[in-house]
Structures are given as C-alpha cells and as structure tokens.
Amino acid sequence: MRKDSPPVILLLGNYRPTLTLARDLKQRGYRVIVSSLGCDRSCRHSNAVSQIWDHSSLKTDLNLFAQELREFAAKSPNLEAIFPVSEEYVRVFAERAELFVGLPPIVTMASQLVKTCLDKSALMQLAIANDITTAPFAISRGRREFAKAVERIGFPLIIRPEDSTKRLGGQK
C-alpha cells in the first residue's frame with residue numbers, strides 16, 4: 001500500500017444501505033469506491049464516495065465481471081477489501097468463489113452459510129425442525145399451487161419470489 005494514500009474499500013451494489021456503509025467507512029479513514037450497478041444509484045451524489053466503478057452486469061457476463069474486478073484490483077494498490085453489499089454480489093461470491101481467487105479480502109460470510117440463509121424453503125424447514133415458531137408458509141410453482149396455498153394460509157398474505165434477487169412485476 002502506498003503510504004501517501006488512504007486505504008480503499010470497494011462496495012458492490014449501489015443501494016441505500018451502501019450509502020450508510022460508505023459514510024461510516026469514510027469516517028474511519030477509507031477512500032470508498034462504489035460499483036455503478038444497483039437500483040438506487042444514490043451513492044453517485046454522496047460526498048462519502050470517492051469514485052463510482054463502472055463494470056459489466058453480473059447477469060450479462062459473470063466471467064467478464066470477474067475479469068474486470070481482477071483488473072480493478074490490480075490497478076488499485078491500496079485496495080484493502082471488497083465488500084459485496086447487495087444480495088446479487090453476495091450470492092456470486094458464495095456460489096462462484098473460484099472466479100475470485102487472488103483478490104484482496106472479500107468481506108462476506110462463509111459460502112455455505114450464505115447458501116443456507118438464502119434458501120428460503122430450507123431455512124423455514126430448519127426453523128420448524130428446531131421448534132422455532134413460524135408464520136404459515138408455502139412455496140408454489142404455478143397458479144393451481146398458488147390458489148391452494150392461499151386457501152390454506154388465508155389473508156393477510158405476503159407474496160415473495162423464492163429467489164429474493166428476482167422481482168414480481170418489477171417490484172421488490
């Protein structure tokens with residue numbers, strides 16, 4: 001690390017929680033760089049963020065993103081850590097860790113813990129197996145299963161996609 005420059009943290013996912021984290025890291029003396037992709041894009045206008053890093057979408061070409069991240073890290077000698085903030089990035093690092101070998105430390109949980117916690121069905125079954133009270137739930141794939149689930153559970157009803165990175169009708 002160059003002594004004349006502050007340490008750098010790269011935050012992946014341009015969302016409101018990223019902005020809060022960026023402010024905290026700046027107060028701790030870090031230079032904060034945030035990825036450009038995310039639905040809020042609020043970090044672009046924050047004085048806590050030193051730079052916005054433009055890169056390819058994970059959905060378009062994951063290998064290209066990994067290559068761009070390696071290139072970014074190689075050009076950033078003060079990069080101390082990469083912090084995936086949004087779930088899309090957390091999932092990628094957990095599911096495809098082999099693409100990111102040799103990078104600075106990635107601030108995330110163990111891959112198996114991420115995979116377990118993001119599997120809604122498995123997590124609910126785990127809660128039930130451990131006698132943890134849960135609200136009634138069902139996973140349905142198709143209109144008939146959905147209608148049966150609504151009839152069994154009743155209202156009020158919260159509907160979410162099984163994969164939390166997906167949206168229903170463009171809404172969270």
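Q: What is the handedness of the crossing of H3 and H4?
A: In this predicted model, H3 and H4 cross in a left-handed way; by definition, the near helix is then turned anticlockwise from the far one by less than a right angle, whereas clockwise would be right-handed. Local features here need pLDDT of at least 70, side-chain atom pairs count only at pLDDT 80 or more, and totals for chains, interfaces and linings use all residues. Residues are numbered from 1 along each chain as its sequence is written, and side-chain values use heavy atoms, leaving out hydrogens and water.

Q: Why are H3 and H4 called oblique to each other?
A: The axes of helix H3 (residues 87-95) and helix H4 (residues 111-118) cross at roughly 130°. Angles under 35 degrees count as roughly parallel, over 145 as roughly antiparallel, 65 to 115 as roughly perpendicular and the rest as oblique, so H3 and H4 are oblique.

Q: Which residues of H3 and H4 meet?
A: With contact meaning heavy atoms within 4.5 Å, Glu-87, Val-90, Arg-91, Phe-93, Ala-94 and Glu-95 in H3 meet Ser-111, Val-114, Lys-115 and Leu-118 in H4. By class, this contact has five nonpolar, one polar and four charged residues.

Q: What makes E3 and E4 edge strands?
A: The open sheet has four strands in the order E3-E2-E1-E4, with parallel pairing. Strands E3 (51-53) and E4 (79-84) each pair on one side only.

Q: How many bridges join E1 to E4?
A: Five bridges link strand E1 (residues 8-12) with E4, and pairing takes at least two in DSSP. Among the partners, Leu-11 is bridged to Phe-83 in E4.

Terms used
Helices (H or I, at least four residues) and strands (E, at least two) are DSSP runs, numbered from the N terminus. Axes are lines fitted to C-alpha atoms, for helices over the stretch in contact, and angles run from 0 to 180 degrees between N-to-C directions. Ala, Val, Leu, Ile, Met, Phe, Trp, Tyr, Cys and Pro count as nonpolar, Asp, Glu, Lys and Arg as charged, and the others, Gly among them, as polar.
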